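Please read them alongside the sequence and the coordinates.

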Amino acid sequence: MSRAAAWQLGGACAITLLPAALYLPFLGNPLVFDDRVFFSGRLFYYYATHPLGLDLRLPANFSLAATEVLLGGIHAQRAVSLILHIGTALVLSRLLLDLQATPLLRQPPEDGALRAAFGAAAFALHLVAVYGA
């Protein structure tokens, strides 16, 4: 295994494990202030059946409603959010790695994977991303 591949694998593991260690103790927390209104039933059916459209926040509300209908409970909501957040951080890591590639060589610098993993891990652990925990 090359050094760059080892950095990528280690970075992916860190990006997966760090947010999981942060989120997992709080999966059972009660609903936060804005969740109570959403789960009260007002427009819940509409959100559960309309993933896309012109209304505001339809994809986000659809994911919440669909998770509630299919899996139910706040534990499932938080687990799905954790999985989506880790997935987003992993994609961000790859994007940051690709952005470091020079136009002539078409490959990132040797420590590019470390830089990309650090940036994606900062995103994954940032307090704004975990305010509901």
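1. Contact, as I use the word throughout, means heavy atoms within 4.5 Å. On that basis, and leaving aside its neighbours within four places in sequence, Ser93 is in contact with Ile15, Ala116, Ala117 and Ala120. Ser93 is found in helix α5, and its relative accessible area of 13% makes this residue buried (under 20%, with exposed being over 50% and partly exposed in between, for a 1.4 Å probe and protein chains only).

2. A word on provenance: this is a predicted model, in which local features need pLDDT of at least 70 and side-chain atom pairs count only at pLDDT 80 or more, while totals for chains, interfaces and linings use all residues. Residues are numbered from 1 along each chain as its sequence is written, and side-chain values use heavy atoms, with hydrogens and water left out.

3. The secondary structure of the protein chain comes to six helices and zero strands, where helices (H or I, at least four residues) and strands (E, at least two) are DSSP runs numbered from the N terminus.

4. Helix α5 (residues 74-99) and α6 have axes that come within 8 Å and cross at roughly 145°; axes here are lines fitted to C-alpha atoms over the stretch in contact, and angles run from 0 to 180 degrees between N-to-C directions. From α5 the contact draws on His85, Thr88, Ala89, Leu92, Ser93, Leu96 and Leu97, and from α6 on Gly112, Ala113, Ala116, Ala117, Gly119, Ala120, Phe123 and Ala124. By class, this contact has ten nonpolar, five polar and no charged residues, given that Ala, Val, Leu, Ile, Met, Phe, Trp, Tyr, Cys and Pro count as nonpolar, Asp, Glu, Lys and Arg as charged, and the others, Gly among them, as polar.

5. The axes of helix α1 (residues 3-23) and helix α6 (residues 112-125) come within 9 Å and cross at roughly 10°, and the two are therefore roughly parallel to each other, a label for angles under 35 degrees. Among the residues making this contact are Trp7, Gly11 and Ile15 of α1 and Ala113, Ala117 and Ala120 of α6. The class count is 13 nonpolar, two polar and no charged residues.

6. As to overall shape, the protein chain has a radius of gyration of 18 Å, whereas a compact globule of 133 residues would be near 14 Å (taken over C-alpha atoms, the globule rule being 2.2 Å times the number of residues to the power 0.38). Along its principal axes the C-alpha trace spans about 55 × 35 × 25 Å, and 27% of the 133 residues count as buried.

Technical notes: Parallel < 35°, antiparallel > 145°, perpendicular 65-115°, else oblique.
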